[in-house]
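Dear colleague,

Please find below the structure that I am handing over to you. My notes on it follow.

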Amino acid sequence: MPKGFWTTAYIAAVVAINWLFVVVPMVPILGTMFPPVMLVVGFVFVFRDFAQREIGHWVVIAMLAAGGISYFMSAPVVAVASVTAFLISEAIDWAVYTFTRKPLSQRILFSSAVAVPVDTIVFLHMVGFFDWTAVALVSAAKMLGAFGFWVVLRNREATGVAA
């Protein structure tokens with residue numbers, strides 16, 4: 001990948017997801033309203049992990065840039081909720097990813113598993129759509145992206161292919 005690819009992908013994904021949250025209508029599932037865009041949010045956590053590999057702890061600056069751009073690209077309440085949720089959950093994700101001395105695939109899965117529910121709770125509460133069914137559905141949807149990357153990376157690690 002070209003230098004800066006993952007950092008750019010991370011920033012673009014945060015901005016795109018915040019914009020999509022505003023324009024894609026929610027759908028009723030299991031007695032709650034579900035934002036379909038949450039099916040792809042899990043990739044943001046993985047992109048952040050790869051961006052950190054690319055630029056180190058400067059990934060915090062990328063996180064803030066994504067939040068700033070999102071403020072102008074989506075509804076202010078969504079941008080503020082997103083920035084707040086991302087700052088809290090990404091700090092957790094960063095800490096788990098940074099201090100876990102495991103193979104890359106495990107670090108990505110562990111960091112997402114810890115950060116995703118926190119992100120979901122904070123975000124849904126701040127945009128006024130919080131309920132535990134929504135937290136469970138949205139967290140599960142977000143983990144799909146992380147799980148997909150975990151499978152690919154685990155297979156690469158098993159065969160000795162660099163990530």
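V118 lies in helix 5, which covers residues 104-126; helices here are DSSP runs of H or I with at least four residues, numbered from the N terminus. The model is predicted, so local features need pLDDT of at least 70 and side-chain atom pairs count only at pLDDT 80 or more, while totals for chains, interfaces and linings use all residues. Residues are numbered from 1 along each chain as its sequence is written, and side-chain values use heavy atoms, with hydrogens and water left out.

With a relative accessible area of 25%, V118 is partly exposed (buried means under 20%, exposed over 50% and partly exposed in between, with a 1.4 Å probe and protein chains only). Neighbours within four places in sequence aside, V118 is in contact with I88 and I92, where contact means heavy atoms within 4.5 Å.

D119 is also placed in helix 5, and it counts as buried at 5% relative accessibility. Its side chain and that of S89 are joined by a polar contact of 3.2 Å (a pair of N or O atoms within 3.5 Å; within protein, one must be able to donate a hydrogen and the other to accept it, and residues adjacent in sequence count only if both atoms are side-chain atoms).

In helix 3, the buried residues are V59, A62, M63, A66, G67 and S70. They lie on the same side of helix 3, because they cover an arc of only 140° around the axis, taken from the directions from the helix axis to the C-beta atoms. These buried residues pack against helix 1 (5-23), helix 2 (42-55) and helix 4 (76-99).

Yours sincerely

Key:
Helices (H or I, at least four residues) and strands (E, at least two) are DSSP runs, numbered from the N terminus.
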